[in-house]
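Have the structure open and follow along as we go.

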Amino acid sequence: MEQNHLFPIFLKLDQLQVLVVGGGNVGCEKVGAILNNCPTARVTVVATWFAPEMAGIVEGFPNVTLVEKPFSCGDIFGKDLVIAATADKELNHCIWEKSKAAKVLINVADTPALCDFYLSSVVQKGNLKIAISTNGKSPTIAKRLKEVLNESIPEGLESILQHLHAIRDRLKGDFSEKVRKLNELTSVLVKKD
């Protein structure tokens, strides 16, 4: 049976430089997802044109720069992540080649074979964030699982997280003792009736 061998990480996009190439529907979707997850993300969007929605998506986000011009190799300079989101497969492949040569992580929208990383479906309740991956096989399944998790995670969980954070800061003892105490306190979350 095939396995998902992706390594899940959460990136601090306010500490990285992100390049999105493409100003159409896919570019809007990617930029919107980035800003929904990290409103202080530092993003440069390069495109020969921008869909009217893009202005609304980036309004009020001072760390986003829209640059209306064709993509060039120099756009990758100083970037940590690149997302190729154009409708031009040849251009997307070129962006992939240039990103790989520059050793910059790249995601080519709708082309899993040319992706170093995938954008996941995300469930968020306050400080709790769950990323869902189907290994690029079915974004639709990830979307449905997101809906299920959104409905099943209680709204009051943020309060519990804040209390546990305060408790963790006050716990005494070595690491294993702290883990034992926190496991004891949170066991109620997984008890079966």
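In what order do the strands of the open sheet stand, and is their pairing parallel or antiparallel? The order is β3-β2-β1-β4-β5, 5 strands in an open sheet, and the pairing is parallel. Because β3 (64–68) and β5 (105–108) stand at the edges with a single partner strand each, one side of each has no neighbour in the sheet. On average, neighbouring strands here are turned by 15° against each other, direction ignored.

Before going further, please keep in mind that this is a predicted model, in which local features need pLDDT of at least 70 and side-chain atom pairs count only at pLDDT 80 or more, while totals for chains, interfaces and linings use all residues. Residues are numbered from 1 along each chain as its sequence is written, and side-chain values use heavy atoms, with hydrogens and water left out. Helices (H or I, at least four residues) and strands (E, at least two) are DSSP runs numbered from the N terminus, and two strands pair if DSSP finds at least two bridges between them.

At one end of the sheet, β4 (residues 81–84) runs parallel to β5, joined to it by 4 bridges. There, Ile83 has Asn107 of β5 as its bridge partner.

Now look at the helices that lie across these strands. Helix α1 (residues 25–37) lies across β1 (17–21), β2 (42–47), β3 and β4, and runs at about 160° to β1. Helix α3 (residues 89–101) lies across β1, β4 and β5, at about 170° to β5. Such angles run from 0 to 180 degrees between N-to-C directions, with axes fitted to C-alpha atoms, for helices over the stretch in contact; contact means heavy atoms within 4.5 Å.

Which residues of α1 are buried? They are Gly27, Cys28, Lys30, Val31, Gly32, Ile34 and Leu35, where buried means under 20% relative accessible area, exposed over 50%, and partly exposed in between (1.4 Å probe, protein chains only). Their cover includes β1, β2, α2 (52–58), β3 and β4.

Two lysines deserve a stop. Lys79, in the loop between β3 and β4, is buried yet has no salt bridge, the nearest side chain of opposite charge being Asp75 at 6.8 Å. Here Lys and Arg count as positive and Asp and Glu as negative; His and the chain ends are not counted. A salt bridge is a side-chain nitrogen of Lys or Arg within 4 Å of a carboxyl oxygen of Asp or Glu. Not counting residues up to four places away in sequence, Lys79 touches Gln17, Val18, Leu19, Thr44 and Val104.

The other lysine, Lys125, sits in strand β6 and counts as buried because its relative accessibility is 9%. β6 (residues 121–125) and β7 (residues 128–132) run antiparallel, joined by 5 bridges. They form a hairpin with 2 residues between them, and Gly126 in the turn has a positive phi of about 65°.

How many salt bridges are there? The count comes to 9. In one of them, Lys137 meets Glu2 (3.3 Å, N to O). This pair links distant parts of the chain, 135 residues apart: Lys137 is in the loop between β7 and α4 (139–152), and Glu2 is in the segment before β1. Both Lys137 and Glu2 are exposed. Another salt bridge joins Glu177 and Arg180 (2.8 Å, N to O). These two are 3 residues apart in helix α6 (residues 175–186), so about one helical turn separates Glu177 from Arg180. Glu177, Arg180, Lys181 and Glu184 are linked in a network of salt bridges.
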